[in-house]
Amino acid sequence: MDTNVEYKAEGVEAEQDMLSLLPDKLTVSTSPHIKHKDNTGRLMLDVIIALLPALVFGIYYAFSNDVKYGLNSVFLTLVSVAACVFFEWGFQKLNRRPVTVGDFSAALTGVLLAMNVPATLPVWMIIIGAFFAIVVVKQLFGGIGKNIVNPALAARVVLFMSFADYMSGSAYALDAEASATPLVSLKAGDLSGIDILDLFIGKTDGCIGELSALLLILGALYLFIRRVITWHIPVAYIGTVAILCVLFPIGGADRVTFMLAELLSGGLMLGALFMATDYATSPVTPKGRIIYGVIAGLITVFIRFFCGNPEGVSFAILISNLLVWYLDKFTRPKKFGGVKRS
């Protein structure tokens, strides 16, 4: 027999022996073929862990004002998470899709939704918000990673537009007349009742999860260390708001004090650090993320300064979400060595 033929025969036999050692069924996937210990569930759990200090503080602050508000804030959080998980499980079961509640994405949406509402909100309203976030915004678009806007923020806006009296004003007003929130005072250029340290720590009115800028920043630092988020969006977003507020303070207020009050009030820190950085609804390129953050900051300031609503974070991020496809398209890296299409 020819020597080359013998070598080929031996090679085929050796290859067959190797293949016989492999499993009968192999999972074939597209590139890149990279193994990493982190997965979707791990990333979502990291974000939940980062949010917990601010959430717990918000619940504690609600209890310190009134026990019924504290209990309601606990129920809101538990019901929000449970409803989001249930609606995702139910929708996927009804449509015979793989159930993905184990990746913690629905639980994270529930936590974020609870953090974006006041402790006085009736519990049944947050169930409506959970349904809208999971079914309408997330699952009808194909599930995790395919939604074009942030589910929790979209639900917050729907609740605000449907139940404005419950979603706005002072969260812990104990008398008939609700006191003005910091954002309402800032919109009038009034800094007389605003304490920057109180805003930083969280001793002020607002939604459950937006009170303590300090704890939100510490949570974001945890995500930076874990490499769950990058600096591009938060720095561009917060930096844009800071620059505009220093340059154009309302009513001739002190520039630095006004700027700090704007940054530490409302949901800006929660939005810039945890919601604008959502993987599914933010750009993938560094340049796109910076532009995205600048756009969100510009819209936030415009709404806060010129519109009837003193808060602009939710609308700013949702509008910016709709621009992500264009930002990714025009900021993607150039190919070298390829043939340019006509």
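At what angle do helix α14 and helix α16 pack, and how far apart are their axes?

**Entry 1: ground rules.** I noted that this is a predicted model, in which local features need pLDDT of at least 70 and side-chain atom pairs count only at pLDDT 80 or more, while totals for chains, interfaces and linings use all residues. Residues are numbered from 1 along each chain as its sequence is written, and side-chain values use heavy atoms, with hydrogens and water left out.

**Entry 2: two helices.** I looked up α14 (residues 286-306) and α16 (residues 324-331), and found that they pack at an angle of about 140° with their axes 8 Å apart. That makes α14 oblique to α16, since angles under 35 degrees count as roughly parallel, over 145 as roughly antiparallel, 65 to 115 as roughly perpendicular and the rest as oblique. Axes here are lines fitted to C-alpha atoms, for helices over the stretch in contact, and angles run from 0 to 180 degrees between N-to-C directions. Helices are DSSP runs (H or I, at least four residues), numbered from the N terminus.

I then listed the residues that meet: K287, G288, I291 and Y292 come from α14, and V324, L327 and T331 from α16. Contact means heavy atoms within 4.5 Å. The residues of this contact of α14 with α16 divide into 4 nonpolar, 2 polar and 1 charged, where Ala, Val, Leu, Ile, Met, Phe, Trp, Tyr, Cys and Pro count as nonpolar, Asp, Glu, Lys and Arg as charged, and the others, Gly among them, as polar.

**Entry 3: the core.** Which residues have the most contacts inside the largest nonpolar core? I found L51, Y237 and F274, in a core of 92 residues. Such a core is a set of buried Ala, Val, Leu, Ile, Met, Phe, Trp, Tyr and Cys residues joined through side-chain atoms within 4.5 Å. Helix α2 (residues 40-65) gives the most to this core, with 11 residues.

**Entry 4: two loop residues.** Is L121 buried or exposed? L121 lies in the loop between α4 and α5 (123-138), and at 0% relative accessibility L121 counts as buried, the cut-offs being under 20% for buried, over 50% for exposed and partly exposed in between (1.4 Å probe, protein chains only). By contrast, R96, in the loop between α3 (67-94) and α4 (105-115), is exposed, with a relative accessible area of 81%. Phi of R96 is near 55°, a positive value in a residue other than glycine.
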